Amino acid sequence: MKKEQLQQLQEFLVSPKNIVIVPHKNPDGDAMGSTLALYHFLKKEGHNPTVVSPNDYPDFLYWLPGSKKVLKFDKQNSQSKKAIKKADIIFLLDFNALHRVGDDMEKTLEAFSDDFVMIDHHQQPDSIAKYLYSDTSISSTCQMVYQFLEMLGKVDEIDEKIATCLYTGIMTDTGSFRFSSTTSTTHRI
């Protein structure tokens, strides 16, 4: 993320905001880990975050801290649309284009009149986000969320819930640290 964008976002987040956090459709460990880690961080910072997933995620991720509070857009449509409409800003995590959330949710997000933050490690991100943190060399969006917190000077805010969510996404997207995208930084995190 460019220094100027980071500074603007930090200033915007100084006071409590209604924030929606969105993973891609059929979210995996990295998508759910990153959204829930950010959810717990923003909650600690005094914001009112809501994770709105396009649809349900695998049962094996239900143990993640905060997973019971996730709204599923396809099943909890009116609640999800209400949260999106009330949002001051929306974070898009682990996907690079709005079509990755499905048609109905895509249309709802396209109608959103405020700003987006995109944190993602996939190639060729759409230009929909005012605040963009994109890096294809990073192993997972969870690693990027950690590095985002580092940029904000908030690594000390990472508690057991946040760490559990981050570790889950890093583990799944690195193939248990076996993929070539795993670096010494990944291990340090």
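**Loops, helices and pockets**

Modeller: Let's start with D94, which sits in the loop between β4 (89-93) and α4 (103-110). Helices (H or I, at least four residues) and strands (E, at least two) are DSSP runs, numbered from the N terminus.

Biologist: Okay, and where do these coordinates come from?

Modeller: It's a predicted model, so local features need pLDDT of at least 70 and side-chain atom pairs 80 or more, while totals for chains, interfaces and linings use all residues. Residues are numbered from 1 along each chain as its sequence is written, and side-chain values use heavy atoms, with hydrogens and water left out.

Biologist: Back to D94, then. Is D94 buried or exposed?

Modeller: D94 is buried, with a relative accessible area of 1%. Buried means under 20%, exposed over 50%, and partly exposed is in between (1.4 Å probe, protein chains only).

Biologist: And what about phi of D94?

Modeller: Phi of D94 is positive, near 70°, and this residue isn't a glycine. N26 is another non-glycine residue with a positive phi, near 55°.

Biologist: Where is N26 found?

Modeller: N26 is in the loop between β1 and α2. N26 counts as exposed because its relative accessible area is 52%, whereas D94 is buried.

Biologist: Which residues of α5 are buried?

Modeller: In α5, the buried residues are T141, C142, Q143, M144, V145, Y146, Q147, F148 and L149. T141 is buried at a relative accessible area of 0%.

Biologist: What is T141 in contact with?

Modeller: Leaving aside neighbours within four places in sequence, T141 is in contact with D30, S34, L93, D94, I119, D120 and H121. Contact here means heavy atoms within 4.5 Å.

Biologist: Nice. What follows α5?

Modeller: G153 follows α5, and its phi is positive too, near 75°.

Biologist: I also had my eye on a histidine, H40. Where does H40 lie?

Modeller: H40 lies in helix α2. H40 counts as buried because its relative accessibility is 9%.

Biologist: So which residues does H40 touch?

Modeller: Not counting residues up to four places away in sequence, H40 touches P65, G66, K161, I162 and C165.

Biologist: How about K3, buried or exposed?

Modeller: K3 belongs to helix α1 and is exposed, at 73% relative accessibility. For a sense of distance, K3 and L36 are 33 residues apart in sequence and 25 Å apart in space, C-alpha to C-alpha.

Biologist: Zooming out: how many helices and strands are there?

Modeller: The protein chain has 7 helices and 6 strands. Along the sequence, they come in the pattern α-β-α-β-β-α-β-α-β-β-α-α-α.

Biologist: And what share of the whole chain counts as buried?

Modeller: 51% of the 189 residues count as buried. Taken along the principal axes, the C-alpha atoms fill a box of roughly 40 × 40 × 30 Å. Of the contacts with a separation of 6 or more, 65% are between residues 24 or more positions apart.

Biologist: New topic, pockets. Which residues line the largest pocket?

Modeller: The lining is N18, I19, V20, N48, T50, L71, Q79, K82, A83, K86 and A87. A pocket is an open set of points on a 1 Å grid over the protein atoms alone, where a 1.4 Å probe fits, with protein on both sides within 12 Å along at least five of seven lines; lining residues have an atom within 4 Å of a point.

Biologist: Which element gives the most to that lining?

Modeller: α3 does, with 4 residues. β1 (18-22), β2 (48-53) and α3 (77-86) each supply at least two.

Biologist: And what lines the second largest pocket?

Modeller: That lining is L9, Q10, L13, V14, F41, L42, E45, H47, L152 and K154. The elements giving two or more residues to it are α1 (3-12) and α2 (29-44).
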